[in-house]
Amino acid sequence: MSHDWEIVAGLEIHAQLQTKTKAFCRCPNLYGADPNTLVCPVCLGMPGALPVLNRETVSQAARLVIAVGGTIHLHSKFDRKNYFYADLPKGYQISQYDEPFSTGGAVRISAGGQEKTIRITRAHLEEDAGKSMHLDNGASVVDMNRCGVPLVEIVSEPDFRSAEEAGAYLTVLRELLRFIGVCDGNMERGSLRCDANVSVRPRGSHDLRERTEMKNLNSIRNVERAIEAEAERQIAIYESGGVVHRQTLQWDDQTDELRPMRVKEGSDDYRYFPEPDLVPLELETEFVEATRRAMPELPQSRRKRYREEFGLNDEAVYFLATERRLSDYYESLLDGKRNPVSVAGWIQGEVQRLLKEYGWEIEQFPVGATRFGALMDSVDKGSLNRNSARDVLRMMLSDDRDVDSIASELGFGVKQDDTQLAEIIDQVVTSSPDEFERYRQGKKNLIGYFMGQVMKAAGGNANPKLLQKLLAERLERE
Amino acid sequence: MPLLIPSPETLRRNPEKLPEAVAQSLALARANRHLGAFIELLDERAGVSCGEVMARIRKGEELPLAGFIIAVKDNISIKDVPLTCGSRILDHHPATFTATAVERLERAGAIVIGKTNLDEFAMGSSNENSSFGPARHPLDDTRVPGGSSGGSAVSVAAGWCHAALGSDTGGSVRQPAAFCGIVGLKPTYGRVSRYGLVAFGSSLDQISPFAHDCTSAFEVLHAMAGADSHDATSAHVKVPECEVLSLPKNKLRVGVVREFVDHEALAPSIRAASREVCDALTSAGHTLVEVSLPTAKLAIPVYYIVATAEASSNLARFDGARYGKRSADATDVNSVLELSRGIGFGPEVRRRIMMGTYVLSAGYFDAYYRTAQKVRRLIKEELQAVLAQTDVLLTPTTPSTAFRIGEKVDDPVAMYLSDIFTTPANLAGLPAVSIPWRSDESGLPIGMQLMANYFDEELLLSAGMELERLRPGV
Amino acid sequence: MSLTRSEVEHVAKLARLRLSDAELSSLEKDLNAIFGYFDQLRAVDVTNVEPLAHVLDAVNVMDDDVPHECLPREIALRDAPDRTEEYFRFPRIL
């Protein structure tokens, strides 16, 4: 892109909350059900039906706002946004207009080698519409299952100066929402949707030129490409002396092209007014504070800590501080006492392998932190070697006994009886008089030979540390 | 007019007479079809209800409304029963759920015999705006019974039902009650669940009972009142323990609204009746206090701006999409909307949707809607202030008695002005009741309105009972 | 406050009402009379008066996040003017 021009873009994100039921009725909030089966008079807009707010919507929205550092407004209210569309049964959407749930907040991103802060203007609650689909014969059909699912709309300031920044923001935000468990961030399925507002201006200028709006951007990649394509288009217009008109465009990812979208008629006058069927929200400070206290440590903070305090490398840091449950599992294994690098190695190694093999998510991993911790401790103490530990772990997947029981059943030496081992050592030393003599004469590296022999005699089950200690003692004697 | 079926007390004591009474009620409604009171009579359903009520009585269940035979305005939803709202656009849509208020009344033992006629979507003051023809006054069928709940008023006034449900947004139960000579009670906003009432003015609407007297009105209210988890605006205020009404325990302080009792639009007979009521109350030892509501004269513009704004939004769901009528000529989704709505709605509904859309539209929102909301607050505060010093307020219910069919149809402003005394209670959300006083020289009923403070329906109806006791010719 | 014919048409469009010319003229007349009458509101002093949206002062009315029984699809689609086995159907949505 020409260096004379600069992109100015803002993103509006719609995140579906992971409540069990819809925002204003108690129909289940589920993806993929049979069409028009998760419906009731309320979300169908039947005559006489009324909305009632789902309290979990407020809780999850609160977590979201706290996670992005926004300010929750203790007082907020709902408004009707009036427009007609086939997927909008009431002919209005319940949303928030002039007294939204929150304002402010920011997301730190890294793009083009630079760190940057993208500011959030506001976030508000609203309900999703149904889903319309086009049939081949020209008709359209509508599925109302999605109608009424709670959304948080997050509006950013026009702080984006490149497509890459937009992609970075989406990545961070998506990860954050998944981390705190309020949205599963699936752009393909539409649980996270993104509209972009794009304009361009001569580099160095501060004015804001006409912007266009882009919809139907269903992946991070498409967001980036669409922004770039639109910027190019606008620059070309200006450079040929033309004028950019406000319009709505959609991205066709089959052809990688922007196409103008028919604007919903009358969509420029939503005639917002306060929703008479819902009373206002007056949240208590204590509710906000309690929500804040219950928040998990967020990824960016964990990454900093893992990098700076634990000394983990970038790959490990990213791996261990991105998915909430995995990160929590890691931290519970650390238990304040174990070696972070060593534990990291276990997770990135054995655990990852097993998860992949069985197709599990971490929450399905059958070995809890206590048992796994005991396993790692055994290896550290030396009572189990790494290979044996892997076998023990495998058995632990389907056997919920403690580590020691399983290890001994598998025949791995854990009963470190000094006497037993001393006997074996004695036998070996006695049966290798020449080597013993050479050791005594100064060939100290023969200890390796003795180690091997004892290990063989012990069926591979000797505790290496203990063996070393006892052997060294023995070899100093007659 | 007298009750033409046995009283609820008789039927409660002799439940075996219920089926006959129900049949009689239906037959009367049918025989008087020309009064246009009912859109649909529910013979089969009423028969089933009757059987159920009798079985429950036999099992020894306490049913507070056993013996009550009632009608329900056809903007109140009953599962699987066609819902029309007096409009073609719903095309006899079979409702998918039952309104909480109706559920509660049926659970209390009431039997519903049919859905009554109304002004389309409850918009009107005469029941002339129905797609099913007008309802007619039972005493003079060239006259309106009032509206929008005209059909329900007729069903009670004509003596075919013990009570009926209507809805009151700006006076739609009190005004027909006054015209027809029965009791019409608008509860405090939030007292009765609106779940199942097809919304017109959401911040104003209440399901409201008609009855022959205050005692029955109170019984019906008691059975259906109370918070409902399906209605976020329903109030979590305790319904009074007492189920049986009695006369006021102490003498009343009655506020007489200066601007209303002397209103220029008042017909002479109503002006005279107002004075009689005042005299009768004074003679009975109650104290009359003159109060002033200077902003109340603006109730009409405020009401019409707020109500039509809400209605324009509430009626947006009638789009030929998921229920009701769709125009056969529609070729794309926009024309589905425009044509279905264009032909499905009657002229008064179209007019009000236009008004409401206009006052909410960009550029006019502040001048009309927002201003109306502010004046609404002033009206509410004024009413609260005078009710702080009085028990109840007294006003005429309507400026005139029942007018002739066709008389006001061409002058919307004149029609709207007939709501002058009733709209303030809706704007403030206060409970109000119309009590029949007497008839005028032509035999047309005159009603007087009482208003009380929030959730004070018991005091309100006791005062009403006192008016019943004091009225002439009793 | 005077409504022009084109404003009336615009409002009809916003409200998705297809009206005949005669109806538009009649509405123009009616609405002008009505709003002429409503203009008396402008004379009221509403400085420092908060708009009233709810007559009661209830706040925070919420329901627990527990699923209820949904409508069977057959009932949901029962009265649809046009439908397939599973969906509401429309002529082309543009």
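This briefing describes the chains of a predicted model, their contacts and a few individual residues. Local features are given where pLDDT is at least 70 and side-chain atom pairs only at pLDDT 80 or more, while totals for chains, interfaces and linings use all residues; side-chain values use heavy atoms, without hydrogens and water. Residues are numbered from 1 along each chain as its sequence is written, with chains lettered from A and ligands numbered from 1 in the order in which they are written. Chain C has 94 residues and is more spread out than a compact globule, whereas chain B, with 474 residues, is as compact as a globular protein of that length.

**Chain C**

- Three helices and two strands make up the secondary structure of chain C; helices (H or I, at least four residues) and strands (E, at least two) are DSSP runs, numbered from the N terminus.
- The order of these elements along the sequence of chain C is α-α-β-α-β.
- Chain C has a radius of gyration of 23 Å, well over the 12 Å of the globule rule for 94 residues, and it is therefore more spread out than a compact globule. The radius is taken over C-alpha atoms, and the rule is 2.2 Å times the number of residues to the power 0.38.
- The C-alpha trace of chain C spans about 55 × 45 × 20 Å along its principal axes.
- Of the 94 residues in chain C, 43% are buried; buried means under 20% relative accessible area, exposed over 50%, and partly exposed in between (1.4 Å probe, protein chains only).
- In chain C, 26% of the contacts between residues at least 6 apart in sequence join residues at least 24 apart, a contact being heavy atoms within 4.5 Å.
- Accessible areas come from the Shrake-Rupley method with a 1.4 Å probe; for residues, only the protein chains shown count as cover.
- Chain C carries 11 positive and 19 negative charges, whose mean positions are 11 Å apart. Lys and Arg count as positive and Asp and Glu as negative, with His and the chain ends not counted; each charge is placed at NZ of Lys, CZ of Arg, CG of Asp or CD of Glu.

**Chain B**

- Chain B contains 16 helices and 13 strands.
- For chain B the radius of gyration is 21 Å, close to the 23 Å of the globule rule for 474 residues, so the chain is as compact as a globular protein of that length.
- A box of roughly 70 × 60 × 45 Å along the principal axes holds the C-alpha atoms of chain B.
- Buried residues account for 70% of the 474 residues in chain B.
- Among the contacts in chain B with a separation of 6 or more, 75% are between residues 24 or more positions apart.
- Chain B has an accessible surface of about 14200 Å², with 51% of it on carbon and sulfur atoms.
- The 47 positive and 54 negative charges of chain B have mean positions 2 Å apart.

**Interfaces with chain C**

- Between chain B and chain C, 68 residues of chain B meet 51 residues of chain C.
- These two chains, B and C, bury about 5400 Å² between them, 70% of it on carbon and sulfur atoms; buried area is the accessible area (1.4 Å probe) that two parts lose on being put together, summed over both.
- On the chain B side, Glu338(B), Met354(B) and Tyr358(B) lose the most area to chain C, together 14% of what that side buries.
- The contact between chain A and chain C takes 49 residues from chain A and 32 residues from chain C.
- Chain A and chain C bury about 3700 Å² between them, with 61% on carbon and sulfur atoms.
- Arg26(A), Arg55(A) and Val279(A) supply 15% of the area that chain A buries against chain C, more than any other three residues.

**Backbone features**

- A cis peptide bond, with omega near 10°, runs from Gly147(B) to Ser148(B). Ser148(B) sits in the loop between strand 5 (111-116) and helix 5 (150-157) of chain B.
- Asp91(B) is not a glycine, yet its phi is positive at about 50°. Asp91(B) belongs to the loop between strand 3 (82-83) and strand 4 (93-94) of chain B, and is partly exposed at 38% relative accessible area.
- Asn48(C), also not a glycine, has a positive phi of about 65°. Asn48(C) lies in the loop between helix 2 (21-38) and strand 1 (62-63) of chain C, and is exposed at 81% relative accessibility.

**Cys161(B)**

- Cys161(B) is in the loop between helix 5 and strand 6 (163-168) of chain B, and is buried at 0% relative accessibility.
- Not counting residues up to four places away in sequence, the contacts of Cys161(B) include Leu3(B), Ile5(B), Phe38(B), Ile113(B) and His212(B).
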